[in-house]
Amino acid sequence: MSRKTLIPIGPYHPLQEEPELFKLYCDGEIVRDIKWETGYNHRGIEKLSESKSYDQVFFLVERICGICSTSHPFAFANAVEEIVGVEITDRSKYIRSVIGELERIHSHLLWVGLAGHFLGYNTVFMWAWKYREPILDLFEMITGNRNSYAMFKVGGVRRDIEKSKIPAIRKEMGVIRKKLDLLTGAVMDDPVIHARTKGVGILTRQDVIDYAAVGPTARASGVDIDVRRDDPYAAYPLVNWKVITAEAGDVFAKAEVRLLEMYESASIIEQCLDALEKLEEGNIALKINEIPAGIGTGRAEAPRGEVFHFVVSDGSNSPARHKIRAPSYTNIATFKKSCIGQTIADATISLAAVDPCYCCTERMAAAYDNSSGEKILNANELIEISMKRTNEIRKSEAGHE
Amino acid sequence: MGFKDYCFRKSLWVFHFGGASCNNCDIEILDCLTPRHDLERFGILLVGSIRHADVLLVNGSINRRDKDRLLELYRQAPKPILVVAIGACGCTGGIFAEGNTFAGPVDKIIPVDAYIPGCPPKPEAIISGIVKLAGKK
């Protein structure tokens with residue numbers, strides 16, 4: 001067996017905006033195995049959620065992830081509305097979809113920028129982030145904050161999109177299309193980007209199915225899934241749009257899917273604005289006094305894939321159990337397929353290609369020492385302790401005999 | 001002009017420590033470097049190693065796993081160093097302060113020179129905070 005070199009990336013690495021640790025086991029330049037460690041970002045959200053009222057949980061789940069900060073409230077709202085058994089008003093459906101799609105545009109632009117940065121193509125990074133700013137300005141105009149919008153509540157939305165604001169949004173959609181044309185042209189026609197991304201980090205259709213990958217990661221490998229179409233919610237069944245897929249499964253295909261999805265998002269937003277102009281202002285939220293006991297599941301298509309929320313209500317003011325599954329949870333596992341056999345330089349962009357979001361993904365299996373409250377034991381350490389104890393017992397038993 | 005003033009007179013180099021955050025502050029910090037705000041025109045630059053840094057930006061609530069690493073980074077940092085806590089979580093723990101893995105706000109772990117509140121603070125607020133800090137010293 002040849003010797004393998006361990007190359008750690010992280011946990012606080014300038015390349016990553018979030019803390020996570022990758023261990024690349026390399027044979028020369030080739031990555032032979034990859035392991036990753038998370039937990040630097042764990043905040044105990046599911047447990048916190050049980051101590052908050054339904055209205056407060058929206059603010060909490062919004063802060064699971066700052067980039068896709070609408071998708072979690074979206075899924076949670078779907079789950080709670082399933083428990084209550086209400087259908088929200090058309091106007092609030094359209095407003096929800098507008099916010100969701102604006103978020104998709106800003107998140108995909110952010111990814112394109114970061115991907116450019118990982119490739120050493122900082123021009124793309126600067127461009128994409130410059131084009132992202134007007135979208136954040138729209139958010140500020142509609143919701144009052146650039147990120148974490150606090151727009152959702154059980155039974156509707158908190159703020160209306162007034163008719164006076166619609167022309168500004170519509171104008172910006174026209175502008176963003178032109179900018180996207182420029183950006184897409186620059187990315188799709190650049191020979192260097194082709195050389196760096198085509199045939200790199202390939203996920204086959206079977207890999208995607210085996211690892212249950214979701215979102216653009218799955219769609220870039222020809223798996224045609226999208227919660228917005230498969231399990232319709234909000235205004236998505238009321239507007240015309242199509243699911244973008246690609247066949248190649250490499251990094252280039254993932255970029256292509258995301259770039260083209262932004263055009264679809266712009267088109268969805270425009271159709272929603274048309275509908276909002278026809279509907280009366282106001283009537284954006286139903287009055288819901290009580291959440292009955294029951295079980296609800298909610299799904300939403302985040303920019304990275306399917307977000308799943310499972311809520312158990314016991315009829316009280318706060319959820320009895322709140323289970324969250326974020327898209328990166330399954331997408332990150334595909335690294336085992338996409339990175340192995342690549343060079344280190346290509347592994348970086350393969351890691352970035354699924355748009356991993358670790359703050360969504362944090363799960364923890366650990367034990368604390370009750371007396372000091374400091375020591376953290378992970379699964380391996382627990383097994384070690386158990387083995388040690390067995391050995392001790394074995395020895396003492398042998399002593400008795 | 002004291003020694004500390006002398007140290008922070010010119011370009012501030014920044015090391016970014018993202019604790020257990022929701023990513024919002026992280027992307028707003030990156031946003032400061034992109035064309036709209038462009039902090040680099042003041043010579044403010046994100047660096048890859050704490051050993052090159054004049055400023056340690058800390059954002060996010062600090063959980064038990066991050067705590068030791070933050071202490072270690074602070075120990076490794078060349079002194080004097082300015083520590084800036086960014087966002088509601090960095091300042092107080094914010095919405096995650098009641099969490100079971102929370103290990104205290106930043107100022108309970110290392111000394112903090114400036115607080116920039118907000119969830120997330122706007123890039124303008126971050127720039128204003130850094131400028132005030134640089135002016136104060």
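Because the model is predicted, local features need pLDDT of at least 70 and side-chain atom pairs count only at pLDDT 80 or more, while totals for chains, interfaces and linings use all residues. Residues are numbered from 1 along each chain as its sequence is written, and chains are lettered from A and ligands numbered from 1 in the order in which they are written.

Chain A is divided into domain 1 (45–361) and domain 2 (369–401), with bounds taken from an automatic or database domain assignment. The C-alpha centres of these two domains of chain A are 45 Å apart. Helices (H or I, at least four residues) and strands (E, at least two) are DSSP runs, numbered from the N terminus.

The largest nonpolar core has 140 residues. Such a core is a set of buried Ala, Val, Leu, Ile, Met, Phe, Trp, Tyr and Cys residues joined through C-beta atoms within 7 Å. A residue is buried if 20 or more other C-beta atoms lie within 10 Å of its own, exposed if 12 or fewer, and partly exposed in between, with C-beta atoms placed from the backbone. The residues with the most contacts inside the largest core are A:V80, A:A115, A:A128, B:L56, B:L57, B:V58 and B:I86. Helix 4 of chain A gives the most to this core, with 13 residues. A second, separate core of 6 residues includes A:V208, A:A213, A:V214 and A:A218. In soluble globular proteins, nonpolar side chains tend to be buried together.

Within chain A, helix 6 (residues 166–189) has 24 residues and reaches 34 Å from its first C-alpha to its last, close to the expected 34 Å; the expected span is 1.5 Å times one less than the number of residues. In this helix of chain A, A:M173, A:I176, A:L180, A:L183 and A:V187 are buried. Their cover includes helix 4 (90–118), helix 5 (122–143), helix 7 (191–197) and helix 11 (251–278) of chain A. In helix 2 (residues 54–62) of chain A, the buried residues are A:Y54, A:V57, A:F58, A:L60, A:V61 and A:E62. Helix 1 (45–49), helix 3 (71–84) and strand 4 (152–153) of chain A are included in what covers them.

Strand 6 (residues 294–302) and strand 7 (residues 305–313) of chain A pair in the antiparallel sense over 9 bridges; two strands pair if DSSP finds at least two bridges between them. A hairpin through 2 residues joins these strands of chain A, and A:R299 has A:F308 as its bridge partner in strand 7.

In chain B, 5 strands form an open sheet with parallel pairing, in the order 2-1-3-4-5. Strand 2 and strand 5 (114–116) of chain B stand at the edges with a single partner strand each, so one side of each is left without a neighbour in the sheet. Strand 3 and strand 4 (residues 82–86) of chain B pair in the parallel sense over 5 bridges, and B:N59 stands opposite B:I86 in strand 4. Leaving aside neighbours within four places in sequence, B:I86 is in contact with B:C25, B:I29, B:L57, B:V58, B:N59, B:I116, B:P121 and B:I126.

Two cis peptide bonds are described here for chain B. One joins B:K79 and B:P80, with omega about 0°; B:P80 is in the loop between helix 3 and strand 4 of chain B. The other joins B:C119 and B:P120, with omega about -10°; B:P120 is in the loop between strand 5 and helix 6 (123–136) of chain B.

A:S148, a residue other than glycine, has a positive phi near 50° and lies in the loop between helix 5 and strand 4 of chain A. A:S148 counts as buried because 20 C-beta neighbours are inside 10 Å. B:D38 also is not a glycine and has a positive phi of about 50°; B:D38 is in the loop between helix 2 and strand 2 of chain B. With 15 C-beta neighbours inside 10 Å, B:D38 counts as partly exposed.

Key. Two residues are in contact if their C-beta atoms, placed from the backbone, lie within 7 Å.
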